[in-house]
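Let's take a walk through this model together, one piece at a time. Please have the sequence and the 3D view open as you read.

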Amino acid sequence: MKEKSYAELMKIAAMKRNQKRENFVQDLYIEMLLSEIQLTVEKEKLLKKIDTAIDHRDKKSFLRLTGQLKEINKRFGT
């Protein structure tokens with residue numbers, strides 16, 4: 001059985017660290033993408049409900065829904 005040299009072992013360790021970093025960045029990107037999709041879907045639903053409240057001249061619902069929209073925007077930093 002051939003033993004690996006110190007230099008080879010260091011190269012392998014460095015490659016593993018780089019792979020872990022790449023996986024972390026990829027996971028972070030996926031998480032950000034999913035958050036963006038979630039935000040978009042929630043905002044679209046709320047905007048439709050706000051439009052309906054406006055159409056029905058329902059001030060109470062309008063104020064409640066716009067408050068929820070503000071909270072979503074605050075939560076996602078938009």
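Contact here means heavy atoms within 4.5 Å. Helices are DSSP runs of H or I with at least four residues, numbered from the N terminus. This is a predicted model, in which local features need pLDDT of at least 70 and side-chain atom pairs count only at pLDDT 80 or more, while totals for chains, interfaces and linings use all residues. Residues are numbered from 1 along each chain as its sequence is written, and side-chain values use heavy atoms, with hydrogens and water left out.

Let's begin with helix α1, which runs over residues 6–55. Its 50 residues reach 73 Å from the first C-alpha to the last, close to the 74 Å expected at 1.5 Å a residue; that expected span is 1.5 Å times one less than the number of residues. After α1 comes R57, with a positive phi near 55°.

Next is α2, residues 59–75. This helix has 17 residues and spans 24 Å from first C-alpha to last, close to the expected 24 Å. G77 follows α2, and its phi is positive too, near 70°.

How do α1 and α2 lie relative to each other? Their axes come within 9 Å and cross at roughly 165°, where axes are lines fitted to C-alpha atoms over the stretch in contact and angles run from 0 to 180 degrees between N-to-C directions. α1 and α2 are therefore roughly antiparallel, a label for angles over 145 degrees.

Now look at where they touch. On the α1 side, the residues that meet α2 include Q38, L39, E42, L46, I50 and A53, and their partners in α2 include S61, F62, L65, L69 and I72. Buried means under 20% relative accessible area and exposed over 50%, with partly exposed in between (1.4 Å probe, protein chains only). In α1 the buried residues are L39, L46, I50 and A53, and α2 is among what covers them.

In α2, the buried residues are S61, L65, T66, L69, I72 and N73. They cover an arc of only 125° around the axis, which puts them on the same side of α2; the arc is taken from the directions from the helix axis to the C-beta atoms. An α-helix has 3.6 residues a turn, so residues three or four places apart point the same way. The buried residues of α2 pack against α1, while the face turned away carries the exposed residues K59, K60, K70, K74 and R75.

Finally, E3 sits in the segment before α1. With 71% relative accessibility, E3 counts as exposed. E3 and E42 are 39 residues apart in sequence and 57 Å apart in space, C-alpha to C-alpha.

Key
Helices (H or I, at least four residues) and strands (E, at least two) are DSSP runs, numbered from the N terminus. Angles under 35 degrees count as roughly parallel, over 145 as roughly antiparallel, 65 to 115 as roughly perpendicular and the rest as oblique.
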